[in-house]
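Open the structure in your viewer and keep the sequence panel beside it. This tour tells you what to select and what is there.

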Amino acid sequence: MLTLDRKTDTRPVADAQLAAGGGHIVELPGDADWREAKAEIAGAVRVDIRFSKFNDGRGFTLATQLRERIGYTGKLRAVGDLIPDQAQHLIRVGFDDVEPDRKGLEADWTRARTRFAHAYQPGRGNVTPLFRHRHAEPVDDLAGLNARYRDLSPQEILRDAIKQEWVGKTAILSSFGAEAAVNLHMIAQIDPDTPVIFLDTGRLFAQTEQYQRQLTDQLGLTHIRVLTPDSEEVADEDRDDRLWRRDPDACCALRKVRPLDAVIGEYDALITGRKRFHGGGRMSLPVVERINGRIRVNPLANWDAAAIEDYFRRFDLPRHPLTDMGYASIGCWTCTAPVQAEGDIRSGRWLGQSKTECGIHTPAPIADEQVAAE
């Protein structure tokens, strides 16, 4: 068994390929930086990635980076604290084999190991390597990511999404509302220079604008990106400042959806503060999803109101000034009221209407011509 310390192992091995080639094996911890590992694995015929805990997903991320960023084509083996249920995802991210530390699961692993018959090596002839199918089959990719994050804390999820760069350029979308300080505090501890997108609709409470400045300064956030609606479009579509009353969906599209759409192409993933306990369509919210072809990460999806409250108290985070007045979900002043129903945090949003979301997290409708083509 290789040690936990990163090192090159030049001992003879039974694998015929290794013996014939006289190559070496490298072991990397799951939290290794793929950039630093690039030179170390050069010429290696096998790389072992060690998992210190079965619920630490960083080894999966590292495997993907070695395969897809560095282009490593040698043998890749997962070692350490692993369980048979992880076999499918191990395959998906590029592992060829596994050497688990846990005992007593041999029969389960024997069944799981048969899945490794489809090695993640360059295809022969016209066969596409399986790990490339991740791009053609995004649903499988999302399933793997959600499986990886199932037992991780929001901080671990955020760190993985931001630091490991598994999707590329990432930003956080924040309303600076009633619960926003939790996500933003976590981001500040990981990388305070992470872009924070703030949609200033021109209809925000003065208290929200004040809170945005206060949190930015107190948390040390250094990259706030304020988006505003196009002034010409506002003048054309909302001449009397009553669009919110006549057509709230059109108002949200003008002041939130379109400004975000104008810049969203600059990022590969957006982090949100949405949670399942908010109810409605959010009750089935996954940790990772794809909306209009782009990744959304919802690290707090699993948290309930008690967890949010505990975090505020533990880190003595400042509260949005309107929370003391009964506002639990805060948007534009035109469409936000204090909580109307006990236990329903979003009951004060778009009061008296069937509308429950502004649209920035809603998939765009499929055009009629596209439906006809399908």
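**Stop one: a pair of strands**

Select strand β2 (residues 25-29) together with β3: the two pair in the parallel sense over five bridges. Strands here are DSSP runs of E with at least two residues, helices are runs of H or I with at least four, and both are numbered from the N terminus. Two strands pair if DSSP finds at least two bridges between them. Now pick out Ile25; its bridge partner in β3 is Arg46.

A word on the model before moving on. It is predicted, so local features need pLDDT of at least 70 and side-chain atom pairs pLDDT 80 or more, while totals for chains, interfaces and linings use all residues. Residues are numbered from 1 along each chain as its sequence is written, and side-chain values use heavy atoms, with hydrogens and water left out.

**Stop two: across β3**

β3 pairs with β4 in the parallel sense, over six bridges. Find Arg46 again: Lys75 in β4 stands opposite.

Next, show the helices. Helix α3 (residues 58-70) makes a right-handed β-α-β unit with β3 and β4. Right-handed means that, with the strands pointing away from the viewer, the path from the first strand over the helix to the second runs clockwise.

**Stop three: inside β3**

Select residues 46-51 and show side chains. Which way do they point? Arg46, Asp48 and Arg50 point one way from β3, and Val47, Ile49 and Phe51 the other way. Six of the six residues are buried, so β3 is largely enclosed by the rest of the structure. Buried means under 20% relative accessible area, exposed over 50%, and partly exposed in between, using a 1.4 Å probe and protein chains only.

**Stop four: Met186**

Jump to helix α9 (residues 180-190), where Met186 sits. Is Met186 buried or exposed? Met186 is buried, with a relative accessible area of 2%. Now select Pro154. Pro154 and Met186 are 32 residues apart in sequence, and their C-alpha atoms are 8.2 Å apart in space. Leaving aside neighbours within four places in sequence, Met186 is in contact with Pro154, Gln155, Leu158, Leu300, Trp303 and Tyr311. Contact means heavy atoms within 4.5 Å.

**Last stop: the whole chain**

Zoom out. The chain holds 15 helices and eleven strands. Of its 374 residues, 49% count as buried.
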